[in-house]
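Welcome, and thanks for taking a look at this one. Please have the sequence and the model open side by side as you read.

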Amino acid sequence: MSPMDQQTPPAGASERRAAIIGNVNQKPGKCGPFVMAADTLEGNKVVDPAGDELGTIDHIMLDIVGGRIAYAVLAMGGFLGIGEKLHALPWSALTLDTRRKCFVLGVEKERLKASPGFDKEHWPTMANSKWATSIHEYYGISPYWEKDGYDPWA
């Protein structure tokens with residue numbers, strides 16, 4: 001399968017993967033946009049479908065055993081890191097927009113504000129299967145581990 005086949009699946013598809021829009025032509029000797037260092041994505045803006053800014057990518061969390069990105073942590077609100085609310089977003093809920101150099105999250109700001117969030121001092125137990133499943137369900141995304149056929153908590 002070529003990288004171009006990894007774009008957003010057709011409407012009605014049961015599986016959703018992370019997608020890339022914009023210039024996806026790789027330059028010789030470069031690895032982006034299909035393979036990138038996680039730290040180059042941290043700090044990137046996240047916008048809603050209308051283009052309104054929601055926040056920035058604060059962390060990219062890895063599923064070490066499964067070899068996948070488990071989710072991204074979005075920082076929203078606050079000033080200079082004070083009063084920020086953090087939100088865990090399934091990685092496949094995000095679309096990388098290479099033209100605008102940001103991520104697009106397919107939910108409106110009000111739905112995001114109502115989502116389960118946390119602060120920097122009180123992170124949820126992220127290795128909890130019920131919590132991880134509830135995050136995926138909130139965004140209407142099938143958990144990646146179901147497709148992969150493994151239980152990250154076994």
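What follows is a short briefing, grouped by topic.

Please keep in mind that this is a predicted model. The chain has 154 residues, of which 36% count as buried. Its secondary structure comes to four helices and eight strands, arranged from the N terminus as β-α-β-β-β-β-β-β-α-β-α-α.

**The chain as a whole**

- Among contacts with a separation of 6 or more, 50% are between residues 24 or more positions apart.

**Strand pairing and hairpins**

- Let's start with strand 2 (residues 45-47), which pairs with strand 3 in the antiparallel sense over three bridges.
- Within that pair, valine 47 has glutamate 53 in strand 3 as its bridge partner.
- Strands 2 and 3 form a hairpin with five residues between them, and glycine 51 in the turn has a positive phi of about 95 degrees.
- Moving along, strand 3 (53-63) and strand 4 (68-76) run antiparallel and are joined by seven bridges.
- Here methionine 61 stands opposite tyrosine 71 in strand 4.
- This pair is a hairpin too, with four residues between the strands and a positive phi of about 70 degrees at glycine 67 in the turn.
- Strands 6 and 7 form a hairpin with four residues between them, and the turn includes lysine 101.
- Strand 7 also runs parallel to strand 2, with three bridges joining the two; lysine 45 has cysteine 102 in strand 7 as its bridge partner.

**Strand 7 and its residues**

- Which residues of strand 7 are buried on each side? Cys102 and Val104 are buried on one side, and Phe103 and Leu105 are buried on the other, so to read this pattern, recall that both faces of the strand are covered.
- In a regular strand, side chains alternate between the two faces of the sheet.
- Cysteine 102 lies in strand 7 and counts as buried because its relative accessible area is 2%, with the limit for buried set at under 20%.
- Leaving aside residues up to four places away in sequence, cysteine 102 touches Lys45, Val47, Thr95, Leu96 and Asp97.
- The C-alpha atoms of cysteine 102 and threonine 56 are separated by 8.8 Å, although the two residues are 46 residues apart along the chain.

**The nonpolar core**

- The largest nonpolar core has 34 residues, and those with the most contacts inside it are Val46, Leu94, Phe103, Leu105, Leu112 and Tyr139.
- Elements that give two or more residues to this core are strand 3, strand 4, strand 5 (85-90), strand 6 (94-97), strand 7 (102-105), helix 3 (129-138) and helix 4 (144-148).
- Strand 4 gives the most to this core, with seven residues.

**Loops and surface**

- Is lysine 101 buried or exposed? Lysine 101 counts as exposed because its relative accessibility is 64%, and the cut-off for exposed is over 50%.
- Lysine 101 sits in the loop between strand 6 and strand 7, and its phi near 55 degrees is a positive value in a residue other than glycine.
- Valine 65 is in the loop between strand 3 and strand 4, and its 73% relative accessibility is why it counts as exposed.
- Together with Leu62 and Ile64, Val65 makes a nonpolar surface patch of about 370 Å².
- Glutamate 108 is found in the loop between strand 7 and helix 2 (109-113); with a relative accessible area of 45%, glutamate 108 is partly exposed.
- Which residues does glutamate 108 touch, not counting those up to four places away in sequence? They are Asp48 and Pro49.
- Glutamate 108 and aspartate 48 are 60 residues apart in sequence, while their C-alpha atoms are 5.7 Å apart in space.

Key
Residues are numbered from 1 along each chain as its sequence is written. This is a predicted model: local features need pLDDT of at least 70, side-chain atom pairs count only at pLDDT 80 or more; totals for chains, interfaces and linings use all residues. Side-chain values use heavy atoms; hydrogens and water are left out. Patches are made of residues with over 30% relative accessible area and no salt bridge: like charges are joined within 9 Å, nonpolar side chains (Val, Leu, Ile, Met, Phe, Trp, Tyr) within 5 Å. Accessible areas come from the Shrake-Rupley method with a 1.4 Å probe; for residues, only the protein chains shown count as cover. A salt bridge is a side-chain nitrogen of Lys or Arg within 4 Å of a carboxyl oxygen of Asp or Glu. Buried means under 20% relative accessible area, exposed over 50%, partly exposed in between (1.4 Å probe, protein chains only). A nonpolar core is a set of buried Ala, Val, Leu, Ile, Met, Phe, Trp, Tyr and Cys residues joined through side-chain atoms within 4.5 Å. Two strands pair if DSSP finds at least two bridges between them. Contact means heavy atoms within 4.5 Å.
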